[in-house]
Amino acid sequence: MKKILGLLAICTLVACNESGETAVAPVSGGNQNAYQDPNQQQVNADSIYQHVLDSINAAQAMSSAAIDPFSSSSVDFFLSSSAIMPLSSSSMVFPTVSSSSFAISSSSIAIVRSSSSAIVPKSSAAVDDGTITMELWDASELKPQVPVSNKKGGWWYGYDDSNNGGESAITWGGEPGTNGDMTPVLEACGGSLCGSYTLIVGTNEWQPFIGFAFGFGPDNKYSGDASAMLGVCVEYTSTAPIHLELGLTAAKEKTIDGGANAFYELPKSTAKKVVDLSWASFAPPEWATKVLSGAQSAKQLSSLKFKIQGEENAADGDPGEFAIYKVGPKGSCK
């Protein structure tokens with residue numbers, strides 16, 4: 001019995017650690033910091049301890065049943081290479097337990113018996129081959145995650161110029177939920193990702209800015225090849241032009257001039273506007289020398305950023321509004 005309890009404790013720890021991605025708000029400046037999923041629960045030492053304790057209590061409750069699950073008369077298993085099937089529906093069935101019956105690693109749990117082959121659970125995680133794909137995201141469906149090929153990507157987040165000394169800020173159309181869940185914003189905006197903002201220079205040496213974005217993977221270390229998408233489309237409204245930027249990993253952005261990501265300027269429009277863009281439509285700013293083209297950036301894409309920046313010498317406190325209705329692969333927004 002002690003060995004079974006110990007196994008349950010170890011299995012529980014393995015499961016907790018393997019699923020323990022923590023949803024963390026992204027850092028300012030437009031780079032994701034960690035897995036954004038607002039539904040992911042934070043895992044810490046207390047929660048792991050409680051999980052183990054619950055498993056042990058459940059096993060102890062099982063052992064107090066009228067039928068001893070480990071007696072020779074009630075223990076019987078039918079083992080095959082693909083499944084563990086009880087011989088009858090009226091009795092509990094377990095294999096004889098010995099210290100050599102189990103092999104445990106951080107990535108899998110194998111149960112081995114001398115008369116049968118190993119039984120190894122298969123992972124349900126999709127294989128990421130480094131190719132980025134995206135389906136149309138329609139805000140009217142009230143889903144806060146853009147459907148991208150890496151299931152840990154696609155979560156919207158906001159950023160501003162506070163890391164550069166600026167005091168600009170976004171006011172979302174609704175209050176984001178736990179861990180930045182944008183569902184309440186989509187609902188409050190009637191089926192769009194909307195907000196207002198003010199641009200304040202503060203001690204920033206550059207023009208003030210705010211932005212919002214989503215990553216194609218779990219963090220700003222992830223990148224993939226989005227060439228096959230051919231480009232992107234957006235349906236939006238905005239009282240000021242929006243720089244639609246091709247975000248790179250934090251490490252890759254250090255190899256180009258600061259703020260010199262390839263971009264396309266979405267013109268301001270108070271009526272809904274659809275823009276369809278090929279990767280070749282994106283280009284770095286003219287002042288930069290260490291740059292990547294739009295096509296080059298698409299081959300190592302990490303995120304898609306929407307940045308609104310103040311005009312040079314503009315007065316502090318410039319207000320504005322925006323709304324994003326659709327984002328998708330080139331040609332899908334119409």
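This is a predicted model: local features need pLDDT of at least 70, side-chain atom pairs count only at pLDDT 80 or more; totals for chains, interfaces and linings use all residues.
## Overall composition

The chain contains 5 helices and 15 strands. Of its 334 residues, 42% count as buried. Among the contacts in the chain with a separation of 6 or more, 72% are between residues 24 or more positions apart.

## Nonpolar core

The largest nonpolar core is made up of 47 residues. Trp-156, Leu-193 and Phe-306 have the most contacts inside it. Strand S15 gives the most to this core, with 5 residues.

Leu-193 illustrates these contacts. Leaving out residues up to four places away in sequence, Leu-193 touches Trp-137, Ala-139, Trp-156, Trp-172, Met-182, Val-185, Leu-186, Phe-212, Phe-322, Ala-323 and Ile-324. In soluble globular proteins, nonpolar side chains tend to be buried together.

## Strand S11 and its partners

Strand S11 spans residues 242–247. It is largely enclosed by the rest of the structure, because 5 of its 6 residues are buried, a state defined as under 20% relative accessible area.

S11 runs antiparallel to S12, to which 4 bridges join it. Within this pairing, Ile-242 has Leu-266 of S12 as its bridge partner. S11 is also antiparallel to S14, and here the two strands are joined by 5 bridges. Leu-244 stands opposite Phe-306 in S14, and Phe-306 is one of the residues with the most contacts inside the largest nonpolar core.

## Largest pocket

The largest pocket holds about 1200 Å³ of space. Its lining consists of 42 residues, and those nearest its centre are Phe-209, Glu-245, Gly-259, Lys-307 and Gln-309. Two or more lining residues come from each of strands S6 (156–160), S8 (193–199), S11 (242–247), S12 (263–266), S14 (303–309) and S15 (318–329), and from helix H4 (250–253).

S14 supplies the largest share of the lining, 4 residues. By residue class, the lining divides into 15 nonpolar, 15 polar and 12 charged.

## Loop residues

Asn-150 and Leu-142 are both placed in the loop between S5 and S6. Asn-150 is buried, with a relative accessible area of 13%, which means it falls under the 20% cut-off. Apart from its neighbours within four places in sequence, Asn-150 is in contact with Asp-128, Phe-216, Gly-217, Pro-218 and Tyr-222. Leu-142, with a relative accessible area of 33%, is partly exposed.

Val-291 is located in the loop between strand S13 (269–278) and helix H5 (294–298). Its relative accessibility is 31%, so Val-291 counts as partly exposed. Residues up to four places away in sequence aside, Val-291 touches Ile-256, Ala-260 and Pro-284. Val-291 and Ala-260 are 31 residues apart along the chain, and their C-alpha atoms are separated by 6.5 Å.

## Positive phi angles

Most residues other than glycine have a negative phi. Leu-142 has a positive phi, near 60°. Asn-179, which is not a glycine, also has a positive phi, of about 60°.

Asn-179 lies in the loop between strand S7 (169–172) and helix H3 (183–188). At 41% relative accessibility, Asn-179 counts as partly exposed.

Methods. Residues are numbered from 1 along each chain as its sequence is written. Side-chain values use heavy atoms; hydrogens and water are left out. On a 1 Å grid over the protein atoms alone, a cavity is a set of points where a 1.4 Å probe fits but cannot get out, and a pocket is an open set with protein on both sides within 12 Å along at least five of seven lines; lining residues have an atom within 4 Å of a point. Grid points are joined across faces, edges and corners, and a volume is the space filled by probe spheres set on the points. Ala, Val, Leu, Ile, Met, Phe, Trp, Tyr, Cys and Pro count as nonpolar, Asp, Glu, Lys and Arg as charged, and the others, Gly among them, as polar. A nonpolar core is a set of buried Ala, Val, Leu, Ile, Met, Phe, Trp, Tyr and Cys residues joined through side-chain atoms within 4.5 Å. Buried means under 20% relative accessible area, exposed over 50%, partly exposed in between (1.4 Å probe, protein chains only). Contact means heavy atoms within 4.5 Å. Two strands pair if DSSP finds at least two bridges between them.
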